[in-house]
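Have a look at the model first, then read on.

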Amino acid sequence: MVLSGAEIVIRCLQEEKVEYVFGYPGGSVLFIYDALFNQDQVRHVLVRHEQAAVHAADGFARATSKVGVALVTSGPGATNAVTGIATAYCDSIPMVIISGQVPTAAIGQDAFQEVDTVGITRPCVKHNYLVKDVRDIASTIRKAFHLARTGRPGPVLVDIPKDVSMQKCEFEYPAEVAMRSYNPVLKGHQGQIRKALQLLLEARRPMIYTGGGVVLSDAAEALTKLARALGFPITNTLMGLGGYPASDRQYLGMPGMHGTYEANMAMHYCDVLLAVGARFDDRVIGNPAHFAEEPRKIIHVDIDPSSISKRVKVDVPIVGDVNEVLHQFLQQLDASPARPEPDALAAWWKQIEEWRRRDCMKYKHSDEIIKPQFVIQKLWEVTGGDAIVTSDVGQHQMWAAQYYRFDQPRRWLNSGGLGTMGVGLPYAMGAQFAHPGKPVACVTGEASIQMCIQELSTCKQFRLPIKICNLNNRYLGMVRQWQELFHGGRYSESYMDSLPDFARLAEAYGHVGLRVEKPGDVEGALREAFGRKDDLVFLDFQVDQTENVYPMVQGGKGLTDMILSSEDL
Amino acid sequence: MRHVISLLIENESGALSRVSGLFSARGYNIESLTVAPTEDESMSRMTIVTTGSDDIIEQITKQLNKLVEVIKVVDISESAHIERELMLVKVRATGKDREEMKRMTEIFRARIIDVTDASYVIELTGNQAKLDAFIGAIGPELILETVRSGICGIGRGDRVLKL
C-alpha cells in the first residue's frame, strides 16, 4: 500500500498499539496531524505546552509500563520538549518522541522554526534519528519503539522533516528488528548468581536495597517473594517505592538524604548488601568515601553494566533484566537446602528494631496550623492507600514519599533523577488517561504547580477528575530549608509574594477549588474531593510555613550523619 | 594511565558526535581521535587515545558500549599492539639547512614529498615518540607548519577486532 510519510507515521503508531499521543501541532507536523485526523484508533491529547506533552506521555508510561508517545513541531516545539525528554531519560522511562523538522532543503539555512533537534537532544535520549528518506520512516519508528522498551529503557526521538512526511512510498511495518550493535543481556550469569546467593546465605547482617529498576522491569512480585523467603530487611529508593510493600514488617522505609534512620543505618552497617535496579545515587548513599569506610560485600543486579561499579566498588556484578535475574535467584534458592542462619538474623533484626524505636518519622502535630505531613497521612487514609500519587519536586515530594505508604508499584510517579518542578500535574494526566476509573492525586506545592498550571485547561477539555493537593507554604520550601540550615537563614528569593487564589483560579478553569486552613478540615476536604468522581478538585492547603523535611543527611555527608529533627540542630 | 581504545561503530551521520559528546559530557580526556570507514563501508573504526585511572577507563569502555551504534569496543593497550601516526612537516630549507633537512629525513626514514626553493614538506610515520623526536631534532626555528593525524592502533598477532 502506497502511503505518505505522515500516514506511515500514524500507521506505525497503530501497529505499536499506541492508545494516546500527547502533543501540540505546528507548521512542520501539519501533515502528520492531518493523517491523525483521518483515523480514530490513536487518540491525541492536546496539551497547552509541549513540556507537558512529554511529561504526560512519561506519566502514562510510568503508570502502565507501556511506551509513552509525544508529538511536537520543529524549533520551539522541540526545545520545549527537551525538559520532558531529559526528565524521562534520567529515570529510564520508555518513550518515543516524534518531532517535526523543517524541509530537508531548508536544513542548515537558519529556516523559520529550525533548530538542530537531534543535536540538542543527543545527550538526553537513549538514541535519536533524523529521517531523511520516506522509505526509512517505518523501520526507524520500529527501531525507536524497540530501543525505548528494551534493555535499560529510555526516550528515543525521531525527527521528521516536513517534505519527508509529504513524500509517498510503499508501507510495510517490519515484523522484526535486527541491530548488530544493540543486544542487551537479559539473563543473569548463573555462576555469579550462585556466588551472590552463597554470600547472602552466609551473611550475618544482610540488607536488600532496590530502586527504579524493580518497577521498570515489573519485578515487584519476584522481589517480594525473594525478600520474604530470605527474611531480610529491605529498603526501596525514591524511584523504587512500591517495589516492596511499604506496610510490611521487613520494610525499613526509604534510604538516603531524607530516608529513615533505620534504613540508612542498616545500609551502612550491613555486611552483605544486595542492590537491585538501583544505582548508588548521591542522594541515596551520601558521600561514597564515607560509605566505603564500613566493610561490606556488595552484590549489584542491573541491566546497565555502566551502572555497576560507577560510584561504589561492587564485589559480585550481575548484568541482566531485574525480573529475569530475581527469578533465577528464586530458582536457585528453591533448589538449595541452605537457609540464612536464624540466630544471626535474629540478632540483626534486634538491632534494626532498636533503630526503628527512634521513630524518626514523628513530627509535632498542631490543632492550629496544618502540618504538611498530616495532609499526606490523611490522603493515605482517605484513599485507602490505593491512589496513584504523583508529585512535583521539593519538600512536598519528600513528605509524599515518606508518609504515603506504597504497597504496589507504579502508584508513585515523580521526577527522581532530574528533579523537574512542574511534572506533577502532567504526570497525573498521563496516569488518569491510563487508569480512567482510579483515584489520582497530585501532591504539589504553590511553586511547582505554577510551572505547568496551564494544563488545568487540558484537564477540563478531557474531563480528568484529578485531585490536586497543594501544600501551600508560600515558600520555595526546600530552598528555604537549605537556606535556614546552611545559609544562615538568609532567605534569598525563596519567598513568593502575590500568589493567586488557587481555589478561584481552578474555578476559572471550570474546576472545583477548595481552600483549607484548619487541621480539623483536612480530612473532610479530602473526603469531599475524592467523593466528586467526575470533577477535578484543587485543594489548596495552607500549611505551616517553616516545617522542614526530616530526617536529613546534608549533601556530601555520610549516611549515618543524620539530622533527625530540629532538636538535633 | 594512557590507554588506546579501538571501536567499531555504524557508519552513520552523527556517530562521531555521539562519541565525542560522551567524552565531553562526562569529563573524560581525549588525547587524539581518528575515524574512517573500514573495508566494510557500513562500519567505521575509531582509535581514541585517552588517559585516566582504571576506574575511569572501565567507565569509558562501558559508556562507549552503551551507545546504540557502537558495535565493539576494545582497549588494545591492554596487550601487545602497534601504534602508528602520520605527520606532515613543512620546514624551511634554504642554504645549509637544505642538506641538513635531507639528512634528517634519511635518519628518521621519512620522505620529502614536496619541494620548493625555500621549503620541503616531509612525511613521517611512526609512533608518537618517534614523531616527537623528529620535531625535537629539527628544532622549532626551522618548522613552518606541522600536521599530525592522531594515532591508529592495531593488536599484534591473532587478536582481531572484527564483527
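The buried residues of α22(A) are covered by, among others, α16 (372-382), β17 (467-472), β18 (512-516) and β19 (537-542) of chain A. This is a predicted model, where local features need pLDDT of at least 70, side-chain atom pairs count only at pLDDT 80 or more, and totals for chains, interfaces and linings use all residues. Residues are numbered from 1 along each chain as its sequence is written, while chains are lettered from A and ligands numbered from 1 in the order in which they are written.

**Helix α22 of chain A**
- Helices (H or I, at least four residues) and strands (E, at least two) are DSSP runs, numbered from the N terminus.
- Pro519(A), Val522(A), Ala525(A), Leu526(A) and Ala529(A) are buried (20 or more other C-beta atoms within 10 Å of the residue's own, C-beta atoms being placed from the backbone; exposed is 12 or fewer, partly exposed in between).
- Those residues sit on the same side of α22(A) because their arc around the axis is only 100 degrees (taken from the directions from the helix axis to the C-beta atoms).
- Gly520(A), Arg527(A) and Gly531(A), on the other side, are exposed.

**Domains of chain B**
- Domain 1 is 2-78 and domain 2 is 82-155 in chain B (bounds from an automatic or database domain assignment).
- Eight residues of domain 1 of chain B are in contact with seven of domain 2 of chain B (C-beta atoms, placed from the backbone, within 7 Å).
- On the side of domain 1 of chain B that touches domain 2 of chain B, β2(B) gives the most, with three residues.

Methods: Two residues are in contact if their C-beta atoms, placed from the backbone, lie within 7 Å.
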